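Colleague: I am new to reading models like this one. Can we go through a few places in it, one question at a time?

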Amino acid sequence: MRYRTRDGRTVCGNEGQERFLALLYGTAVGRAAVKVLVNPAVSRVGGAFLDSPLSRWMVKPFVKRNRIDLTQYQEEAYDSYNAFFTRTMREGLRPVDEEPLHLISPCDGKLTAYPITAEGSFCIKQTRYTVKELLRSERLAGRYYGGTALVFRLTVDDYHHYCYVDQGEKSRNYRIPGVLHTVNPIANDVYPIYKENAREYSLLRSRNFRTVLMMEVGALMVGRIVNRQEEALVRRGEEKGFFAFGGSTVVLLMEPGAVRVDEDIWRNSRAGVETVVRMGEKVGCAGGRSGASGNGVSGGRSGVSESRTPGGCGENVREEGEQNGLSGSSF
């Protein structure tokens, strides 16, 4: 699988892993094995092993195979594989874009942007999803019809911590039980993974981007999504939580008119190519009309003007965020 960096370079993913997953999901024998592996009970057993000292031997081969630079992380002796996998990065290596009207990436990962239709659906490869299926809530889903879905897919070599994308008021966490398919696109060709996998979401009534839905999706052998807080006032760039072992996904649902995604990300997304991003970097701007040709979104509500700051973001959104983003109304 190939990705594209922000400067336009094409990079290759883990081809060995791709071949294994193609065998697992692309053959009858493999799919029979998948039915066992995706069971959360199996993931819990695997997680218990990865939490134990018996798994320490896996760290060095993993570091070598994935060319991980351990000098970027805080020095510590890992007493298990999961202790290594949830390691903390050295301070300053993931600087947060502090421009309030810039939407930042919540995590390291491979990003694809999808327009959500006025009827509430969007396509990931050839699979159609609805926001209602994703959230299992028709009332909440309607808020995002005509908006944008940003899907950040984390692979095993990514930093598996994630942060808040803006200052605001966070709701409690809502957990949706499910199975644990890999989030690799190969699995999406066979199963509708984002409406089958276990996931957790919360709402962020943000200063600059209206009410953002932040969702974490578990994956094969990722039995734990660890969110650090329930209801709280949070800061832009503050750690929200982390995943235990495996590839996993963070999804942002944005209301219509809340964000204008950067053009290179839309261009790559339209071509079916994921964009490599890092936690804290800019991926869009507040404001912009739903239906803007640059975003490829049709339908939806507007209500945000096109006035811009020198950084290309809607200035009037700051006032709107103060009025709507941190109001005292309930989620």
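Colleague: Is His-161 buried or exposed?

Modeller: This is a predicted model, where local features need pLDDT of at least 70, side-chain atom pairs count only at pLDDT 80 or more, and totals for chains, interfaces and linings use all residues. Residues are numbered from 1 along each chain as its sequence is written, and side-chain values use heavy atoms, with hydrogens and water left out. Buried means under 20% relative accessible area, exposed over 50%, and partly exposed in between (1.4 Å probe, protein chains only). His-161 has a relative accessible area of 3%, so His-161 is buried.

Colleague: Which backbone oxygen lies 2.9 Å from a polar atom of the side chain of His-161?

Modeller: Start with what His-161 touches: Thr-86, Arg-87 and Phe-242 are among them, not counting residues up to four places away in sequence. Touching here means a contact, that is, heavy atoms within 4.5 Å. One of these residues is 75 residues away along the chain, yet its C-alpha atom is separated from that of His-161 by 7.5 Å. The oxygen asked for is the backbone oxygen of Thr-86.

Colleague: In which strand is the place of His-161?

Modeller: Strands (E, at least two residues) are DSSP runs, numbered from the N terminus. The run that covers residues 161-163 holds His-161. That strand is β8.

Colleague: Why is one side of β8 left without a neighbour in the sheet?

Modeller: Strands of a sheet pair through backbone hydrogen bonds, either parallel or antiparallel. Two strands count as paired if DSSP finds at least two bridges between them. The open sheet has the order β8-β15-β13, with antiparallel pairing. Because β8 stands at an edge with a single partner strand, one side is left without a neighbour.

Colleague: Which residue in β15 stands opposite Tyr-162?

Modeller: β15 covers residues 239-243. It pairs with β8 in the antiparallel sense over three bridges. Opposite Tyr-162 stands Gly-241.

Colleague: Now a loop. What is phi of Arg-67 near?

Modeller: Most residues other than glycine have a negative phi. Arg-67 has a positive value. The residue sits in the loop between α4 (59-66) and α5 (81-85).

Conventions. Helices (H or I, at least four residues) and strands (E, at least two) are DSSP runs, numbered from the N terminus. A polar contact is a pair of N or O atoms within 3.5 Å; within protein, one must be able to donate a hydrogen and the other to accept it, and residues adjacent in sequence count only if both atoms are side-chain atoms.
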